[in-house]
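Please examine the sequence and the model shown below.

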Amino acid sequence: METMRFKIIVIVILVLALLGVLRFVQRKELQLKYSLVWLIVDVLMILVVVIPNALTNLASLMGVYSVANMLFFIGILFVLAICFSLTVALSRASDRIRQLSQKLGLYENEARNREAKVGGESGNE
């Protein structure tokens, strides 16, 4: 059985984590689109602490026999969501890096051609 003191400590820790994520977003150290998963998880955890039977009811609704198994299931889903969002971000960054390197190569080639043209014109005079 959870004590009121334990609930208060957990809620304080979760609120501090929530404020920490918001602080990172405010200082632009973390983009909002990446912080949404953390914000949602934090709020859900606060709800589970405030409404103690929520996890038990969810487990029975889904046909899971143990609350511990439900926690593991939710944890695995969370890890998969983080992996997927990081994979999408990595893919976008990779595409962007490829595009930028191609543009840089074109600009360098154009600069070399201009230098050769200018060097050839000054050599003719």
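## A buried serine and its surroundings

Ser 35 is buried, as its relative accessible area is 0%; buried means under 20% relative accessible area, exposed over 50%, and partly exposed in between, with a 1.4 Å probe and protein chains only. The residue is located in helix 2, where helices (H or I, at least four residues) and strands (E, at least two) are DSSP runs numbered from the N terminus. When residues up to four places away in sequence are not counted, Ser 35 touches Val 21, Val 25 and Leu 30; a contact means heavy atoms within 4.5 Å.

The model is predicted: local features need pLDDT of at least 70, side-chain atom pairs count only at pLDDT 80 or more, and totals for chains, interfaces and linings use all residues. Residues are numbered from 1 along each chain as its sequence is written, and side-chain values use heavy atoms, with hydrogens and water left out.

Rings of Phe, Tyr and Trp (its six-membered ring) pair if their centres lie within 6.5 Å; planes under 30 degrees apart count as stacked, over 60 as edge-to-face and the rest as tilted. The count by this rule is 1 aromatic pair. Trp 38 and Phe 78 form this edge-to-face pair, with 5.1 Å from centre to centre and 75° between the planes. The two residues are 40 apart and link distant parts of the chain, with Trp 38 in helix 2 (residues 32–50) and Phe 78 in helix 4 (residues 67–124).

| Residue | Relative accessible area | Class |
|---|---|---|
| Ser 35 | 0% | buried |
| Phe 78 | 22% | partly exposed |
| Trp 38 | 40% | partly exposed |

A nonpolar patch on the surface consists of Leu 32, Leu 36, Ile 40, Val 43, Leu 44, Leu 47, Val 50 and Ile 51, which together have about 710 Å² of accessible area. Val 50 belongs to helix 2.

For the protein overall, there are 4 helices and 0 strands, and the order from the N terminus is α-α-α-α. The C-alpha atoms fill a box of roughly 95 × 30 × 15 Å along the principal axes. Of the 125 residues, 11% count as buried. Among contacts between residues at least 6 apart in sequence, 48% join residues at least 24 apart.

Technical notes:
Patches are made of residues with over 30% relative accessible area and no salt bridge: like charges are joined within 9 Å, nonpolar side chains (Val, Leu, Ile, Met, Phe, Trp, Tyr) within 5 Å. Accessible areas come from the Shrake-Rupley method with a 1.4 Å probe; for residues, only the protein chains shown count as cover. A salt bridge is a side-chain nitrogen of Lys or Arg within 4 Å of a carboxyl oxygen of Asp or Glu.
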